[in-house]
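Please look at the sequence and the model before reading on.

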Amino acid sequence: MVGTARAGNRPGAPAAAWLLLGAMLAGCAAHGRNADGQRVVYEDPGTVGRVAGVGFESQDLVSVTDRMVRDMLANPALSAAAAPPRVIVDSQYFRNESSSRVNPDLITDRLRALLNQSAHGRLMFIGREYAQAVTDERMLKRTSVTDDGANGRVARMAGADYRLGGRLASLDAVQGSSGLTARHHQLIFEMFDLETGVIVWTGMYEFKKSGQDDVIYR
Amino acid sequence: MSSTADRTGGPTLTARVLGVVLCGLSLAACAPRGPIPAAGAEEGTEAGRRNAAVLIAPDLADFILVERSGMQNTAAGTALVSFVVQNASGEPQQVESRVHFFDADDNEVESPSAWQRTHLSPNSFATLVERSMTAQPVASYFIEIR
């Protein structure tokens, strides 16, 4: 009786109860959306991770570049020539025409890095995308703004023998009733002669995935 | 008196059955598990796993067989390992494989190849190949299949 009388004498109590109830309901809503929290973890880029869809993913990048590098280095025209051929490996002539969102530089940069690490002088790599930087520095040296550096001058910049080209394409199919999506990726890599246009090496890699794709690739 | 005897005397029938079940479960847990060597692979030591294939996923051994494997040099001086995989089941199967390359001193000459996925039709054979990247002489190899 006394307790009831006390509660009745506190006008703020019902408001506090409503606030508490609201906070609890809000907490329940958030709990349903992200039940236990998603802990950030490191994952092996070479295997399928926790977030997977039908697009071109890290394990595909690792597999395709590894396969292409091993294939290129087994080609005698490229890696067993009397004089190490000079090659350009960049994304200038590598196009992504697939429906997957992929930065082509990811593929060609990884190819170049793996090739350069493994070639050990069997191939020479020309950094054509750095040509302007080289031109600028040569100009500074030749106008005596700077000295010649430790390596001295050469008459001309290095020309290339071969260049990488290729295409990433895809074939998509969607089942309207279930939302099931299938995507077949095909990657073609070609090394072509920069004097004759002859293609001296071609590599192909393909894979197909299907699922109810709810992953957003960025 | 009889109830006291049941409690303090020998174990009841239920307790005996539980004991037998627990013992069986313990023995099952002690059974050897782990990588199952493929056909032609030597079991046991690390050194034994050379020029051979190992099925890393134990459940694969029921329907995936490695018939044979071998190594040769490419025209560019790198090593080429080939191996024949059999899908002995009536269902399509997928396996992933990678190869380690070793020199004469049993040192790994480069990182293992990336995992490569292969689709095997029901009751079929497939010949898979993997190449080394380095021109350094390769003396032996080791194939992992999962």
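## Strands and their pairing

Two strands are taken as paired if DSSP finds at least two bridges between them. The model is a predicted one. In chain B, strand 5 (residues 93-102) and strand 6 pair in the antiparallel sense, over 5 bridges. Within this part of the chain, B:S97 stands opposite B:Q116, a residue of strand 6 of chain B.

The side chains of strand 6 of chain B alternate along the strand.

## The contact between chain B and chain A

The two chains touch through 21 residues of chain B and 18 residues of chain A. Together they bury about 1500 Å², and 50% of that area is on carbon and sulfur atoms. Three residues, B:Q116, B:R131 and B:M133, supply 42% of the area that chain B buries against chain A, which is more than any other three residues supply. B:Q116 is also the residue that stands opposite B:S97.

Between chain B and chain A there are 9 residue pairs in polar contact, with both residues at pLDDT 80 or more. On the side of chain B that touches chain A, strand 6 (116-120) and strand 7 (124-131) of chain B each supply at least two residues. The largest share of this side, 3 residues, comes from strand 7 of chain B. Sorted by class, the side of chain B that touches chain A has 9 nonpolar, 7 polar and 5 charged residues.

## Salt bridges across the interface

How many salt bridges does the rule find across the interface of chain B and chain A? There are 3 of them. In one salt bridge, B:R131 pairs with A:D71, and the closest N and O atoms are 3.4 Å apart.

B:R131 has a relative accessibility of 18% and counts as buried, because the cut-off for buried is under 20%. B:R131 lies in strand 7 of chain B and A:D71 lies in helix 3 of chain A, so this pair joins two chains.

## Salt bridges within chain A

Over all chains, the count by this rule comes to 18 salt bridges. One of the pairs in chain A is A:E57 with A:K209, where the closest N and O atoms are 3.0 Å apart. A:E57 lies in the loop between helix 2 (13-33) and helix 3 (58-73) of chain A, whereas A:K209 lies in strand 6 (residues 199-211) of chain A, so the pair ties together parts that are 152 residues apart in sequence. A:E57 is buried, at a relative accessible area of 9%, and A:K209 is buried, at 15%. Salt bridges that share partners join A:E57, A:D60 and A:K209 into one network.

Another pair in chain A is A:R50 with A:E43, whose closest N and O atoms are 3.7 Å apart. Are these two residues buried or exposed? A:R50 is exposed, with a relative accessible area of 52%, and A:E43 is partly exposed, with a relative accessible area of 42%.

Technical notes. Residues are numbered from 1 along each chain as its sequence is written. Chains are lettered from A and ligands numbered from 1 in the order in which they are written. This is a predicted model: local features need pLDDT of at least 70, side-chain atom pairs count only at pLDDT 80 or more; totals for chains, interfaces and linings use all residues. Side-chain values use heavy atoms; hydrogens and water are left out. Contact means heavy atoms within 4.5 Å. Buried area is the accessible area (1.4 Å probe) that two parts lose on being put together, summed over both. A salt bridge is a side-chain nitrogen of Lys or Arg within 4 Å of a carboxyl oxygen of Asp or Glu. A polar contact is a pair of N or O atoms within 3.5 Å; within protein, one must be able to donate a hydrogen and the other to accept it, and residues adjacent in sequence count only if both atoms are side-chain atoms. Helices (H or I, at least four residues) and strands (E, at least two) are DSSP runs, numbered from the N terminus. Ala, Val, Leu, Ile, Met, Phe, Trp, Tyr, Cys and Pro count as nonpolar, Asp, Glu, Lys and Arg as charged, and the others, Gly among them, as polar. Buried means under 20% relative accessible area, exposed over 50%, partly exposed in between (1.4 Å probe, protein chains only).
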